[in-house]
Amino acid sequence: MTTDEAASEAVPRRSPARRLVRYGFLAIALGFGAWAVIREWDAVVAGFARMSPPALGGSLVAVVAALLGAMLTWRTLLSDLGSPLPVRPAAKVFFVGQLGKYIPGTVWPVLAQMEMGRDLGVPRTRSAAAFFLMMPIQLATGLLVTLVTLGWDRFGWLLLFIPVLLVALEPKVVNAVIGFALRKLRREPLERPLTRRGMLTALGWALAGWVAYGVHLYFVVPQGGLLFAIGAFALSWCLGILTFVIPAGAGVREVAMVAVLAPQLDRGSAIAVALASRVVIIAGDLICAGTAGIAARRDSV
């Protein structure tokens with residue numbers, strides 16, 4: 001029996017110290033999330049002043065749907081690697097862990113997911129592998145969505161990245177890279193390699209997530225139409241993903257969104273829209289994390 005298998009069978013109990021660390025993680029994450037809103041409060045208010053209550057509600061619902069798509073992408077990868085989780089526990093691990101993206105640094109979400117996944121018998125190496133596979137999957141599908149929705153004439157240069165991303169997402173390549181990294185870290189290899197079916201299913205959920213994010217932006221700024229909103233959000237998010245050091249792509253995504261919205265809005269309005277979008281997404285993160293946590297706690301009672 002490998003070390004990871006033994007760890008998956010012996011699920012550790014939560015000690016008071018571990019509970020304290022988790023509550024501290026949540027407090028810090030929520031604090032940085034609140035600061036992201038407060039520092040641009042005037043522009044945020046201006047953005048929300050443009051929206052009717054039904055538009056605001058529709059935008060928030062679409063964000064929650066997009067976040068569910070991301071969770072199902074991650075859950076599909078984790079299951080394909082050998083750790084299938086029921087939806088509610090998986091949602092708790094993913095959504096609560098994702099709050100770490102608001103803390104400066106790139107390691108907090110994956111560390112949180114590894115720690116919480118360990119309580120469910122998921123080996124840390126699988127949690128880490130599923131987390132890091134999310135990035136190229138989101139980037140590849142996001143660039144593809146941008147290319148299709150915003151036009152070949154303006155973004156045809158994205159075709160240069162497609163072959164690289166297709167190679168990077170080939171399961172044989174992915175498995176080889178993961179195996180090499182684990183050997184270098186002197187960790188046990190994954191018991192189950194990633195399959196093509198698992199990768200395609202994950203890509204499907206990621207594409208569904210981009211559509212939902214586009215619907216969210218369409219409710220905020222309907223001037224350009226739904227296809228434009230889908231592409232605008234996907235492009236700005238991809239640029240945010242590429243800035244790993246900045247918490248949740250803060251600032252970079254907004255700058256990119258302002259540039260993409262330039263044909264439809266003046267600069268001031270575009271800034272207000274970008275910041276309003278970010279606040280809705282923060283609210284969606286909190287709703288998903290809180291709901292998933294409550295549902296998982298009820299299941300454990």
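**Close-up views of a predicted model**

Both W74 and F94 are buried. The model shown in these views is predicted.

**View 1. W74 and F94 form a tilted aromatic pair.** The ring centres of W74 and F94 are 5.6 Å apart, and their planes make an angle of 40°. W74 belongs to helix α4, residues 53-80, while F94 belongs to helix α5, residues 87-98. A search of the whole structure finds eight aromatic pairs, and the pair of W74 and F94 is one of them.

**View 2. F131 and F132 form an edge-to-face aromatic pair.** Here the centres of the two rings lie 5.2 Å apart, with 85° between the planes. Is F131 buried or exposed? F131 has a relative accessibility of 8%, so it counts as buried, because buried means under 20%. F132 has a relative accessible area of 48% and is therefore partly exposed.

**View 3. Four aromatic residues are joined in a cluster.** The members are W210, Y213, F233 and W237, and ring pairs link them.

**View 4. E115 and R124 form a salt bridge.** Side chains of opposite charge can pair when their charged atoms come close. In the bridge between E115 and R124, the closest N and O atoms are 3.6 Å apart. R124 counts as partly exposed because its relative accessibility is 36%. The count of salt bridges in the structure comes to two.

**View 5. R196 and E170 meet in a salt bridge.** The N to O distance between these side chains is 2.7 Å. R196 lies in helix α11, residues 196-220. E170 lies in the loop between α9 (162-168) and α10 (171-184). The two residues are 26 residues apart, and their pair links distant parts of the chain. R196 is partly exposed, since its relative accessible area is 47%. E170 also counts as partly exposed, at 22% relative accessibility.

**View 6. Helices α4 and α11 are in contact.** How do the axes of α4 and α11 cross, and within what distance do they come? The axes come within 8 Å and cross at roughly 170°. An angle over 145 degrees counts as roughly antiparallel, and α4 and α11 are therefore roughly antiparallel to each other. Sorted by class, the residues in this contact are 16 nonpolar, nine polar and one charged.

Key:
Residues are numbered from 1 along each chain as its sequence is written. This is a predicted model: local features need pLDDT of at least 70, side-chain atom pairs count only at pLDDT 80 or more; totals for chains, interfaces and linings use all residues. Side-chain values use heavy atoms; hydrogens and water are left out. Rings of Phe, Tyr and Trp (its six-membered ring) pair if their centres lie within 6.5 Å; planes under 30 degrees apart count as stacked, over 60 as edge-to-face and the rest as tilted. Helices (H or I, at least four residues) and strands (E, at least two) are DSSP runs, numbered from the N terminus. Buried means under 20% relative accessible area, exposed over 50%, partly exposed in between (1.4 Å probe, protein chains only). A salt bridge is a side-chain nitrogen of Lys or Arg within 4 Å of a carboxyl oxygen of Asp or Glu. Axes are lines fitted to C-alpha atoms, for helices over the stretch in contact, and angles run from 0 to 180 degrees between N-to-C directions. Angles under 35 degrees count as roughly parallel, over 145 as roughly antiparallel, 65 to 115 as roughly perpendicular and the rest as oblique. Ala, Val, Leu, Ile, Met, Phe, Trp, Tyr, Cys and Pro count as nonpolar, Asp, Glu, Lys and Arg as charged, and the others, Gly among them, as polar.
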